[in-house]
Amino acid sequence: MATATTPAPAASPTADERLVRRSAVARLLARPEMGAVVGAVAVFAFFAAVAPVFTQLSSVATVLYGASTIGIMAVGVSLLMIGGEFDLSTGVAVVFSALTAAQFSWFLGTNVWVGVGVALVVSLGLGFLNGYLLVVTKLPSFIVTLATFLMITGINLGVTRLVAGGVSSPSIASMDGFESARSVFAAKISFLGVRWEVTVLIWLALVVIATHLLVRTRVGNWIFAAGGDDLAASAVGVPVKRTKIGLFVGVGLCAWLLGMHNLFAFGTVQSGEGVGNEFLYIIAAVIGGCLLTGGYGSAVGGALGALIFGMVNKGIVYAQWNPDWFKFFLGLMLLLATIVNLVVKKRAEQR
Amino acid sequence: MTTTTGTSLVTMRGVGKRYGNILALQDVDLDVQAGRVTCVLGDNGAGKSTLIKIIAGRHQHSEGVLEIHGEERTLGSPREALDLGIAAVYQDLAVVPLMPVWRNFFLGSELTKGRGPARILDVKKMQRIAKQELLDMGIDLRDVNQPIHQLSGGERQCVAIARAVYFGARVLILDEPTAALGVKQSGVVLRYVLRARDRGLGVVFITHNPHHAYPVGDRFLLLKRGRPLGYHEKKDVTLDELTSQMAGGAELEELAHELEQTDADSALIADVRAAEV
Ligand SMILES: Nc1ncnc2c1ncn2[C@@H]1O[C@H](COP(=O)(O)OP(=O)(O)OP(=O)(O)O)[C@@H](O)[C@H]1O
Ligand SMILES: [Mg+2]
């Protein structure tokens, strides 16, 4: 299982004379993440040319770290998008998770691992709530998660002011369990003479798991079906509602992982952070070839989208340009990638 | 099949359905038997779809009695109906367009191997079975890996029917499977209906075309404005009678128009009859 795919894998068991054999290239081009592969290579080549330092191993580690902080969320968001839904609350959900862990253990004076556990439950609960509201009200996920986005934004600010009396969470760096939690969620691993952030590993592991889930399990089949045509899916007995709720819970899990990293990497969190990041995750998924309307895409695509994000973000710094231009490049990438995806998909579908 | 021909699978007595203050269906009696094709005929809005949605678990009846395998029931969901061996194939929502044929074939009833967290899809086996099942039913697909939206309407319809048959449906409901199809494609689907019948399934075949219904049907239920207009055994009714009952006395103009098209349709009937023997 080397590649992620929409369900369009493997050579056919028996050949047929009406099947004009498509070349390996044509079949590769038909993959949903193809546009993102081309984009990633182009962006890499571009920055490698304008800033030679970009190709050094230490720069690669920095770029991958930046990519992983988007990529971890992009995994959950990509699956959700393939399942036909959006989540606008993801940006603040990450901060919400970190704030919960920090303030719970600080306020009650517990070991921070207790806070970490509580944050996990709360994050999964928030995902469940999003999914549950969606299937019960049958409102579009845009509306449901816009509402939770606003509420969580308010809770983050309000509760932090109540508990800590300010806009940042109390520092938990000296509390019991902080060091051990830090060595898990914010570990640095020496390899090839460079220090790599553990989030890169977490990110890659999530991509592998998500890809396996999508392509090789029943749940993966249900995700594609729920996003592709939910009525057809439920008519043949697919538990569409449970699948969608599960996808939101998966996003909650990703938010918890990233939230814990942010908390233990810096020891404290700003309650107003996270707003706007939800779009970065969605952009990564879209650049990676996930169809906005659902039913098509891959986890690897979302990862490539995050990688492009990381490269542009850090590449601008290495090229010593003003980072003000970052958003412009991101927008341009999004536009180009989606156009490429569209063209690739159209051509692939023609026989 | 264990059921013998003629066993009642689904029985309706005085069934009615209201949508708010709209009476979509009233006083319908129906008996779906194993190894027989029951045709439901009627004009647009006559209540045909409503009738079968009740049997398929997508809507619940508001009056009367629905018996399945001899037991009185109200079906809460399509899953519940499927578990009782009732499978419905809809013109519009039979398949997920972007998914490959084999994934559609096994959707909701996927085959797996391994256990616990190591449980994965048995892709090879599903591809092989899908290909073989379709071949057995006379559909020779190029490639079961192609997205199903690339198939023709008739082929798509047949995949959905083959799927229902493979998963052991005892009652097969087809909502206007031939409505959007050309003569030849209709012939393929109608032939398929007969194969399902010969396997001992009870088939409910919805159509507004008596020329499609008559050659394959054993019984005919005519609906008009939500009410039964007639319920005939094949031996008691001719195609002409069926057609004129459907059209109604006043709508002779329409009838004449319909009859003009019998050129193509009689060829179709001959086609289907040939498959019958
Ligand atoms: N969900 C619904 N809510 C309200 N009214 C409905 C609903 N579904 C159907 N109806 C009404 O019930 C009547 C019967 O509809 P139905 O879909 O059963 O007709 P039909 O015989 O299948 O027609 P067609 O040949 O056009 O498919 C129609 O008048 C329709 O407007
Ligand atoms: Mg209808």
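A: In chain A, the side chain of Asp229(A) comes within 3.2 Å of the backbone nitrogen of Ala232(A). That is a polar contact (a pair of N or O atoms within 3.5 Å; within protein, one must be able to donate a hydrogen and the other to accept it, and residues adjacent in sequence count only if both atoms are side-chain atoms). This is a predicted model, where local features need pLDDT of at least 70, side-chain atom pairs count only at pLDDT 80 or more, and totals for chains, interfaces and linings use all residues. Residues are numbered from 1 along each chain as its sequence is written, chains are lettered from A and ligands numbered from 1 in the order in which they are written, and side-chain values use heavy atoms, with hydrogens and water left out.

Q: Where is Asp229(A)?
A: In the loop between α9 (218-228) and α10 (230-235) of chain A. Helices there are DSSP runs of H or I, at least four residues, and strands are E runs of at least two, numbered from the N terminus.

Q: And what is Asp229(A) in contact with, leaving aside neighbours within four places in sequence?
A: Val95(B), Val96(B) and Pro97(B), with contact meaning heavy atoms within 4.5 Å.

Q: New topic: which polar side-chain atoms lie by an oxygen atom of ligand 1?
A: One belongs to Thr50(B), at 2.5 Å. Lys48(B) has a side-chain N or O atom 2.7 Å from a ligand 1 oxygen, and for Asn44(B) the distance is 3.0 Å.

Q: Which element gives the most to the shell around ligand 1?
A: α1(B), with three residues.
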